[in-house]
Amino acid sequence: MQKTNRKRNISVTVRMNKSEYDDFINRVKETGLTKQAYIISSVRNATITPSEEIAVLKNISMTFSNLECQLRGLATNVNQMAHIANGQGLIPNKIELEKLSYQLSNYRKESESIWQSIRSLINQQKVTEP
């Protein structure tokens with residue numbers, strides 16, 4: 001059946017048993033795609049990622065963005081202290097250095113936690129059979 005006014009003008013009918021259809025519907029729901037988009041992506045060998053995983057990846061991306069901004073701020077502070085110390089022949093005091101060390105340690109712990117989340121997410125990936 002062809003319809004000339006549509007971008008996709010070829011219709012395909014597929015027959016499934018109840019179990020296959022249930023699996024199909026569950027996978028479509030996991031991805032958040034339409035049935036048509038899911039089938040076309042599958043046919044084109046696209047990687048289909050469930051919407052929950054996409055949400056997790058977006059959250060990880062935002063967290064890394066925030067960490068990057070904070071690290072930039074820390075780097076700016078260190079650079080300013082080095083500039084002042086170099087210009088005036090001063091060395092930052094122990095309290096300032098300990099404060100920076102503590103902040104860097106916290107960022108390191110946060111990034112390790114994020115990397116563990118990423119590793120866990122990768123380990124949960126399912127290989128789908130063609």
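**Side chains and their neighbours**

Visitor: What is the relative accessible area of Asp22?
Guide: Asp22 has a relative accessible area of 29% and is therefore partly exposed (buried means under 20%, exposed over 50% and partly exposed in between, with a 1.4 Å probe and protein chains only). Before going on, note that this is a predicted model, in which local features need pLDDT of at least 70 and side-chain atom pairs count only at pLDDT 80 or more, while totals for chains, interfaces and linings use all residues. Residues are numbered from 1 along each chain as its sequence is written, and side-chain values use heavy atoms, with hydrogens and water left out.

Visitor: Which side chain does Asp22 meet in a salt bridge?
Guide: The partner is Lys18, at 3.0 Å from N to O (a salt bridge needs a side-chain nitrogen of Lys or Arg within 4 Å of a carboxyl oxygen of Asp or Glu). Lys18 is exposed, with a relative accessible area of 60%.

Visitor: How many salt bridges does the structure hold?
Guide: It holds one salt bridge.

Visitor: Switching to rings, how many aromatic pairs are there?
Guide: A search of the whole structure finds two (rings of Phe, Tyr and Trp, the last by its six-membered ring, pair if their centres lie within 6.5 Å, and planes under 30 degrees apart count as stacked, over 60 as edge-to-face and the rest as tilted). In one of them, the ring centres of Tyr21 and Phe24 are 6.3 Å apart with the planes at 45°, so that pair is tilted. Both residues lie in helix α1, three residues apart, which is about one turn of the helix.

Visitor: Is Phe24 buried or exposed?
Guide: Phe24 counts as buried at 12% relative accessibility, whereas Tyr21 counts as partly exposed at 37%. Phe24 also pairs with Tyr38, the ring centres being 5.9 Å apart and the planes at 65°, so this pair is edge-to-face. As Phe24 lies in helix α1 and Tyr38 in helix α2 (residues 35-43), the pair ties together parts that are 14 residues apart in sequence. Tyr38 counts as buried too, at 11% relative accessibility, and ring pairs link Tyr21, Phe24 and Tyr38 into a cluster.

Visitor: Which residues make up the largest nonpolar core?
Guide: There are seven: Ile60, Leu67, Leu74, Leu100, Tyr107, Ile114 and Ile118 (a nonpolar core joins buried Ala, Val, Leu, Ile, Met, Phe, Trp, Tyr and Cys residues through side-chain atoms within 4.5 Å). The elements giving two or more residues to this core are α3 (51-88) and α4 (94-123), and the largest share, four residues, comes from α4.

Visitor: What is Leu100 in contact with, beyond its sequence neighbours?
Guide: Leaving aside neighbours within four places in sequence, Leu100 is in contact with Leu74, Val78 and Met81 (contact means heavy atoms within 4.5 Å). Leu100 lies in helix α4 and is buried, with a relative accessible area of 11%. Its C-alpha atom is separated by 9.0 Å from that of Asn77, 23 residues apart along the chain.
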